[in-house]
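Please view the sequence and the model together while reading.

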Amino acid sequence: MTTRVTVWTERRQDQTDAAVRAVYPEGIDSAIADGLREAGLEVRTANLDEPEQGLGDEVLAATDVLTWWGHVAHADVDDAVVDRVQKRVLDGMGLIVLHSGHHSKIFRRLMGTSGDLKWREAGERERIWVIDRAHRISAGLGDSFVLEHEEMYGEPFDVPAPDRLVLVSWFTGGEVFRSGCCYLRGRGRIFYFRPGHETHPTYFDANVRRVIANAVHWAAEPAGAPIFVANQPALEPPARD
Ligand code: ZN
């Protein structure tokens, strides 16, 4: 069955900021969605200005993996939307959190931490090292790849220790960062992927597109059977004195 992806973005800076529109004239969502369509996935886009902020029950029920890009409008996301998305993740929907989504309500909710980090907007060179070669998300990547201009994110990154750490970044300024982090929450698989600052053409990069598509394939598989809450009779006969 084809994996159904919903690409959610807040659609703010790519509508109003000339510097961002110059890089993403069709919107950040289109660039992410086009990369996933190239990989043969079934993709729809959704955004904050749609009914139910683009993430009503019907949309979520028809979504195997949700990708999330937000930056300046995290606070505008309704808590009811965060509740719905969290429930779907715990029920098995995959979630790919991109770049400044580290401060989104949904990522903080699922991590239980602040998501805080250091940053610097200086268009630095970023080298991303593929450190977990056996992981599905590393398929088709070399030992490392370079983004010539990106925002710097630096450690410490306030997240729980990842269940699998796939990618680590190095920046010209000297910092390093855990750029590709896998988590399991309930039956859901979550991947945080660092690059994607709005004034750099990162979502047109072939390696970045490959990572996101690989992550969608990985996250599309729910982890294990649902848990049923029930009063449980003993499986073994009780001991007799
Ligand atoms: Zn940024």
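## Burial and overall form

Of the 241 residues in the protein chain, 42% are buried; a residue counts as buried if 20 or more other C-beta atoms, placed from the backbone, lie within 10 Å of its own, as exposed if 12 or fewer do, and as partly exposed in between. This is a predicted model, in which local features need pLDDT of at least 70, side-chain atom pairs count only at pLDDT 80 or more, and totals for chains, interfaces and linings use all residues. Residues are numbered from 1 along each chain as its sequence is written.

The protein chain contains seven helices and nine strands, which are DSSP runs numbered from the N terminus (helices: H or I, at least four residues; strands: E, at least two). Its C-alpha trace spans about 75 × 40 × 35 Å along the principal axes.

## The nonpolar core

The largest nonpolar core holds 59 residues. Such a core is a set of buried Ala, Val, Leu, Ile, Met, Phe, Trp, Tyr and Cys residues joined through C-beta atoms within 7 Å. Helix H7 (residues 206–219) gives the most to this core, with eight residues.

Ile 96 is among the residues with the most contacts inside the core. Beyond its neighbours within four places in sequence, Ile 96 is in contact (C-beta atoms, placed from the backbone, within 7 Å) with residues including Val 65, Trp 68, Phe 191 and Ile 212.

## An exposed loop glycine

Gly 174 lies in the loop between strand S7 (164–171) and strand S8 (176–185). Gly 174 is exposed because 9 other C-beta atoms are within 10 Å. Its C-alpha atom is separated by 9.0 Å from that of Gly 154, 20 residues apart along the chain.

Methods. Two residues are in contact if their C-beta atoms, placed from the backbone, lie within 7 Å.
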